[in-house]
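Subject: Structure handover

Hello,

Here is the structure I said I would pass on. Please look it over before reading my notes below.

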Amino acid sequence: MANQYRLNKVLDLNPMFISLGLPSSAFKTFNPAIPPAFFDAVVNAGPLHRDCIWLFKGADYHRYNLRERSFEVRDRPISDFCKQGSPKLPPAFANGIDTVAYGGSAFPTIYYFFTGETYVRLNAAVDAADTDALPAQALWSADEGPRGVLGAWSVGLWTKPDGTFIRPGRMVALHGEGSPFVGQVHFFRHGEYLRHDLRNGGVAQAPVPISDAWQLPAPFNQQIDAAFYGVGAEAQMIYFLSGSEFVLYDPESVQILRQGKADQEFPGFASFMTRPQLFLVEYCSLRTYLGPLQDGELVDSRSIGPGETLHRVLVIETIDSTISTVQTSILEQQDASTVKDLGDRVAKDTSQNEGGESYRYHLNADAHGDASATGFWGGEVNANLAVQGGSDSLRNNFARSVFSAVTSQVTESRRQQITRSFTSTDQIEHSERVLNIQEFTQKNTSNQIMNIAFVYI
């Protein structure tokens with residue numbers, strides 16, 4: 001290659017992240033300030049979406065279908081709730097909530113949003129169709145609060161006299177169903193459990209250790225991060241989440257029916273998961289080389305008589321001047337739009353060829369995976385290398401995707417280009433479509449006719 005080809009350009013590609021797929025147990029330490037829970041709050045959606053739960057994370061909410069085991073709605077703002085109702089949801093709750101309590105079958109149109117020690121009541125007693133453009137909950141009203149929990153909720157037993165929690169942190173709420181719990185709300189916080197009676201606003205169960213009230217194994221008897229009911233045959237069964245684990249609990253028979261990894265039971269949850277990981281980061285570059293010239297498509301030909309001079313202007317134009325058209329390939333021009341187009345093509349190709357669930361780890365903040373991984377995979381990185389195959393196969397797939405993207409970009413750009421020959425630049429009709437101009441001057445100093453051919457290489 002050294003004798004026939006010379007280096008032309010080097011384009012540094014974004015890093016490729018390959019997760020080594022290590023279990024959390026492989027890490028001796030992990031930042032305790034980072035919450036391990038998938039979501040800030042989880043609640044059954046009630047009559048509006050009987051098979052679904054709402055999941056809250058930051059300022060967004062998502063709707064997950066438990067029967068289909070898939071997301072129906074993702075990344076909608078919490079401000080959707082009571083958006084057109086009166087009173088509206090206070091701004092403090094639109095920025096994120098810690099707990100949601102549902103009234104259950106006893107109060108099917110009532111929800112309570114908590115942020116810290118403050119709550120509001122949402123009234124869903126409206127008759128409205130639910131659409132993507134206007135969710136039904138947008139017409140709800142926040143008809144009580146905001147006010148503190150002290151004096152209004154049994155969880156006030158967890159607060160100081162001034163109404164602030166003795167220990168900071170979230171609590172988990174689950175509406176009660178079945179005798180004797182209908183009309184009540186279960187609360188879990190810092191390994192403790194209490195129960196609130198919605199019918200009289202009183203304490204149905206004073207705080208006790210979770211292990212005293214529920215027959216749950218570790219770590220659920222110490223920490224519960226989410227609780228919700230199943231659907232169908234599991235409608236009276238409770239799913240408890242603690243960290244990355246789940247159990248399906250039958251409160252009537254007081255036994256565990258199923259347990260395992262939450263992201264395996266609920267596909268899609270993994271993208272919200274925060275956990276330690278170790279990544280192999282590889283930096284790649286795309287290098288282009290110039291080789292021996294070969295004749296391409298004939299553009300024009302001219303004959304020059306003895307003593308004559310030929311002047312031609314060769315112009316490469318795009319047929320379509322709109323910004324959506326790929327006008328040049330990465331081999332011709334490495335400007336920002338061309339590089340971005342290449343990256344988008346590689347990202348699309350890799351996402352279509354990745355098997356299984358990809359985890360969205362974010363690598364720019366706190367070194368724990370919770371910001372945004374920039375690269376051709378758009379933040380999607382393989383978190384289970386053993387399932388996906390070895391790193392060599394990932395490299396090969398990545399190289400194939402880059403080659404495919406370059407090839408398709410070249411093919412598409414060539415389809416949109418035409419080369420013309422003029423005697424001067426004044427003859428160019430559409431200057432906004434011009435991609436490249438080359439001027440050629442040749443004088444025939446011989447006493448014979450000279451034939452000149454212009455080809456598109």
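What follows is a summary of strand pairing, salt bridges and one surface patch.

Please keep in mind that this is a predicted model.

I start with strand β4, which spans residues 52-57. Of its 6 residues, 5 are buried, so the strand is mostly covered. β4 has a pairing with strand β3 (residues 41-44), which runs antiparallel to it and is joined to it by 4 bridges. Within this pairing, V42 sits opposite L55 of β4. β4 also pairs with strand β5 (residues 60-65), again in the antiparallel sense, here over 6 bridges. F56 has Y61 in β5 as its bridge partner.

β7 is paired with strand β8 (residues 110-115) through 4 bridges, in the antiparallel sense. V100 has F113 in β8 as its bridge partner. As background, strands in a sheet pair through backbone hydrogen bonds, in either a parallel or an antiparallel way.

Salt bridges

The count of salt bridges comes to 12. Three of them are described here.

D40 forms one with R170, with 3.2 Å between the closest N and O atoms. D40 is in the loop between β2 (16-19) and β3, while R170 is in the loop between β10 (141-148) and β11 (172-175), so this pair ties together parts that are 130 residues apart in sequence. Are the two partners buried or partly exposed? D40 has a relative accessibility of 13% and counts as buried, because the cut-off for that class is under 20%. R170, at 38%, counts as partly exposed.

D80 and R76 meet through their side chains in another salt bridge, at 2.9 Å from N to O. D80 is buried, with a relative accessibility of 4%.

The side chains of R258 and E265 also meet in a salt bridge, with an N to O distance of 2.8 Å. R258 is partly exposed at 32% relative accessibility, whereas E265 is buried at 15% relative accessible area. This pair belongs to a network: salt bridges with shared partners join R69, E234, R258 and E265.

Surface patch

Which residues make the nonpolar surface patch? The patch consists of Y5, L7, V10 and Y289, and has an area of about 340 Å². Y5 is located in the segment before β1 (6-12). With a relative accessibility of 36%, Y5 counts as partly exposed.

To recap the points I would check in the viewer:

- the D40 to R170 salt bridge, which links two loops
- the network that includes R258 and E265
- the nonpolar patch with Y5 and Y289 among its residues

Regards

Notes: Residues numbered from 1 in each chain as written. Predicted model: local features only at pLDDT ≥ 70, side-chain atom pairs only at ≥ 80, totals over all residues. Heavy atoms only, no water. Buried < 20%, exposed > 50% of the residue type's maximum accessible area, 1.4 Å probe, protein only. Pairing = 2+ DSSP bridges. Salt bridge = Lys/Arg side-chain N within 4 Å of Asp/Glu carboxyl O. Patch = residues over 30% accessible without salt bridge, like charges linked within 9 Å, V, L, I, M, F, W, Y side chains within 5 Å. Areas by Shrake-Rupley, 256 points an atom, 1.4 Å probe, with all protein chains shown as cover.
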